[in-house]
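Please read the briefing below alongside the sequence and the model.

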Amino acid sequence: MVLAITSPFLHACSKYVFRTSLRNFRTLVDVHPRVQRSLKQGKAVVALESTIITHGMPYPQNIETAQLVEQLVSDNGALGATIAIIDGRIKVGLTTEEMEKIAKKNRNEIMKISRRDLPYLVAIKGSGGTTVAATMIIAHMLGIDIFATGGVGGVHRDGHVTLDISADLVELGRTPVTVVSSGIKSILDIPRTLEYLETQGVCVATYGVKDCAFPDFYTRNSGCKVPYNLNGPMEAADLIKSLKELNLKSGILIGVPVPEQFAANKEMIEAAIEQATCEAKLQGIYGKQVTPYLLAAIAKITQGKSLDANIALIKNNATVAAQISRELSRSSK
Ligand code: PSU
Ligand code: MN
């Protein structure tokens, strides 16, 4: 009897708390009118992160790529909404000026924002690029189901000792957003990262790959296999729909290999990664600076070849995410 009385009460309470927190969240967010319109009409929207702009690529390639990526999303029937934090406001869909503002900053002068950094940045009214983890949180709050990026964070190569394990992985375990990427960056320990994703309950699948060979960012095959492969936007949309129907709180990671003609040479990349990792150790780089440092060092060592592959794969992932998003909104109507 007690239960019968308390449970509707608790239910009402949790609804109240949920609504209140969402209302609080909304007061912190500026959703660009074009994004607002698409969301309201149930049209396809793809979230895009901004750490790739602030810390992943040098200027001007960062802004050129970010703009091209938004264009590609719209060419494929969806709307790209780049997410960032500017002067303490959560921005969903950036103006050209806003994108320029974050793209031109030296990477040491702007924040890289993961889940743990969000409250601080909002409190001090700071600016920064949102990582996969932070972008997933914001996308989910706004009801955006799909998000495209280059490569997610993972377990670092010495992560079993340092415990340097990206917060992206935990986020994928607790936020129901689908991340379309070229897998886990080659600089990381891919087998351990896949184990960790399994522990977190993340559904990991390749996309358009015959033998479920999981990509490793700059090249097409990491040598690791995942359990599933998705053939095209319809299969991906069905998977996302069943995640929603099951009301699982965890996310999905879709691995799309870099297009063949843009894949980097595996030996060259591996040698560059080893050299860059050594340099990082000698210079005492640690924590959230490791990934941006390594990406920049590898681009330098490979004379831009790694950057070319990075640009090509993010463009391709945005195209795939847009096609999935369009299919999802079409079949949900
Ligand atoms: N994809 C890229 N370049 C990047 C990133 C992704 O092509 O720089 C960023 C993402 O924002 C991701 C972050 O969340 O790198 C991972 O950082 P860390 O390993 O410190 O968690
Ligand atoms: Mn880290």
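Helix H3 (51-56) supplies the largest share of the shell around ligand 1, namely 4 residues. This is a predicted model, in which local features need pLDDT of at least 70 and side-chain atom pairs count only at pLDDT 80 or more, while totals for chains, interfaces and linings use all residues. Residues are numbered from 1 along each chain as its sequence is written, and chains are lettered from A and ligands numbered from 1 in the order in which they are written. Helices (H or I, at least four residues) and strands (E, at least two) are DSSP runs, numbered from the N terminus.

**Ligand 1**
- The shell holds 19 residues, the closest being Thr51, Gly56, Gly150, Gly153 and Ser166; a residue belongs to it if its C-beta atom, placed from the backbone, lies within 6 Å of the ligand.
- At least two shell residues each come from H3, H9, helix H13 (290-301) and helix H14 (305-331).
- By type, the shell has 5 nonpolar, 11 polar and 3 charged residues, where Ala, Val, Leu, Ile, Met, Phe, Trp, Tyr, Cys and Pro count as nonpolar, Asp, Glu, Lys and Arg as charged, and the others, Gly among them, as polar.

**Helix H9**
- Asp168, Leu169, Glu171 and Leu172 are buried in H9 (residues 167-174), buried meaning that 20 or more other C-beta atoms lie within 10 Å of a residue's own, with C-beta atoms placed from the backbone; 12 or fewer is exposed, and in between is partly exposed.
- Seen down the helix axis, the buried residues of H9 fall within an arc of 160°, so they line one face; the arc is that of the directions from the axis to the C-beta atoms.
- These buried residues pack against helix H7 (132-141), strand S8 (178-181), helix H10 (190-199) and strand S11 (252-255), contact being C-beta atoms, placed from the backbone, within 7 Å.

**Strand S8**
- Thr178 and Val180 on one side of S8, and Val179 and Ser181 on the other, are all buried.
- S8 runs parallel to strand S7 (residues 146-148), joined by 3 bridges, and parallel to S11, joined by 4 bridges; pairing requires at least two DSSP bridges.
- Valine 179 stands opposite phenylalanine 147 and opposite leucine 253 in S11.

**Helix H14**
- Of the 27 residues of H14, 22 are buried, so the helix is largely enclosed by the rest of the structure.

**Lysine 105**
- Lysine 105 is found in the loop between helix H5 (96-103) and strand S5 (111-113).
- Lysine 105 is partly exposed, with 18 other C-beta atoms within 10 Å.
- Not counting residues up to four places away in sequence, lysine 105 touches Thr54 and Ile110.

Note on methods. Two residues are in contact if their C-beta atoms, placed from the backbone, lie within 7 Å.
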